[in-house]
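Subject: Structure handover, with notes on what was found

Dear colleague,

I am passing on the structure below, followed by my notes on it. Please keep it open beside this message while you read.

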Amino acid sequence: AGWKWQTQAQHPKAQHVVAVSFGWQVRATCFRRSSKMRPLTETETQTFFEKLAKYIGANIRVLIDRPDGSYCFRLHKDRVYYVNEQMMRVAISVARDNLISLGTCFGKFNRKGAFKLNIMSLTYLAPYATYKVWLKPSSEQSFLYGNHVLKSGLARMTENTPQYQGVVVYNMSDIPLGFGATAKSTQECRTMDPTAIVVFRQGDVGEYLRDEDTL
């Protein structure tokens with residue numbers, strides 16, 4: 001489904017943005033770029049939600065409408081954080097240079113405005129993933145070292161998974177190991193060569209050790 005954006009100016013430095021997709025709405029107050037922690041702009045919200053939708057589809061609304069409290073997404077030093085609103089209000093009082101992190105980091109915007117998901121988002125991607133892939137025990141280590149998934153290491157995948165679809169990768173014990181994008185559809189994978197790539201790795205829990213200093 002595509003995204004439609006309705007904008008209504010409410011303040012010289014802010015505007016209310018309503019993102020309409022999958023038949024639901026999310027309202028957020030978006031401010032012009034500043035040096036402090038802030039809500040995402042209209043463009044950033046669209047880019048971020050479109051990336052999330054590749055993995056969890058309409059389940060984005062589950063992250064927003066939670067029965068256990070109010071949660072929101074905030075931008076701090078180009079990173080998007082998912083945080084309880086009570087914690088967010090406390091964090092506002094902390095100087096930007098002193099605030100290292102808050103909530104869960106979902107990923108980061110690069111200088112060109114593209115968004116890349118962080119492995120820490122796996123906690124929220126896994127329960128709501130639309131499409132899934134399971135690895136054979138023999139290929140788990142390779143994946144956790146940062147390699148793509150080969151046909152020889154694929155145990156099974158969700159039926160009717162399209163090509164280039166965002167997927168969450170599990171082991172055979174249903175433990176989420178990471179996420180990526182399918183190189184081929186489910187039907188095409190059945191006839192692929194054992195050495196062919198079936199899932200392009202985009203994140204794995206091995207990053208907690210390999211990239212400990214930069215996460």
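This is a predicted model: local features need pLDDT of at least 70, side-chain atom pairs count only at pLDDT 80 or more; totals for chains, interfaces and linings use all residues.

Strand β8 (residues 132-135) and strand β11 run parallel and are joined by 3 bridges; here two strands count as paired if DSSP finds at least two bridges between them, and the strands (E, at least two residues) and helices (H or I, at least four residues) are DSSP runs numbered from the N terminus.

Residues are numbered from 1 along each chain as its sequence is written, and side-chain values use heavy atoms, with hydrogens and water left out.

The sheet around β8

On β8 there is also an antiparallel pairing, with 3 bridges to strand β10 (residues 154-157), where Leu154 is the bridge partner of Leu135. Strand β11 is in turn joined by 5 bridges to strand β12 (residues 176-182), and these two run antiparallel; Gly166 has Ala181 in β12 as its bridge partner. These strands belong to an open sheet of 6 strands with mixed pairing, in the order β9-β13-β12-β11-β8-β10. Because β9 (149-150) and β10 stand at the edges with a single partner strand each, one side of each is left without a neighbour in the sheet.

Helix α1 lies across β11, β12 and β13 (197-204), running at about 55° to β11, where contact means heavy atoms within 4.5 Å and angles, from 0 to 180 degrees, are taken between the N-to-C directions of axes fitted to C-alpha atoms, for helices over the stretch in contact. Helix α5 (residues 137-144) packs on the sheet as well, touching β8, β9, β11, β12 and β13, and its direction makes about 80° with that of β12.

The sheet of four strands

An open sheet of 4 strands is arranged in the order β4-β5-β6-β7, with antiparallel pairing. Its edge strands, β4 (71-76) and β7 (115-117), each pair on one side only, and the twist from one strand to the next averages 30°. Within this sheet, β5 (residues 79-84) and β6 (residues 104-109) pair in the antiparallel sense over 4 bridges, with Thr104 in β6 as the bridge partner of Tyr82.

Helix α1 (residues 42-56) lies across β4, β5, β6 and β7 and runs at about 35° to β7, whereas helix α3 (residues 85-92) lies across β4 and β5 at about 120° to β5.

A search of the whole structure finds 14 aromatic pairs, counting rings of Phe, Tyr and Trp (its six-membered ring) whose centres lie within 6.5 Å, and calling them stacked if the planes are under 30 degrees apart, edge-to-face if over 60 and tilted otherwise. The ring centres of Phe49 and Phe73 are 6.2 Å apart with planes at 75°, so this pair is edge-to-face; it links helix α1 with strand β4, across 24 residues of the chain. Phe49 counts as buried at 4% relative accessibility, and Phe73 is buried at 8%, the term meaning under 20% relative accessible area, with exposed over 50% and partly exposed in between (1.4 Å probe, protein chains only). Ring pairs link Phe48, Phe49, Tyr71, Phe73, Tyr82, Phe106, Phe109, Phe115 and Tyr124 into a cluster.

Finally, His76 is found in strand β4 and counts as buried at 2% relative accessibility.
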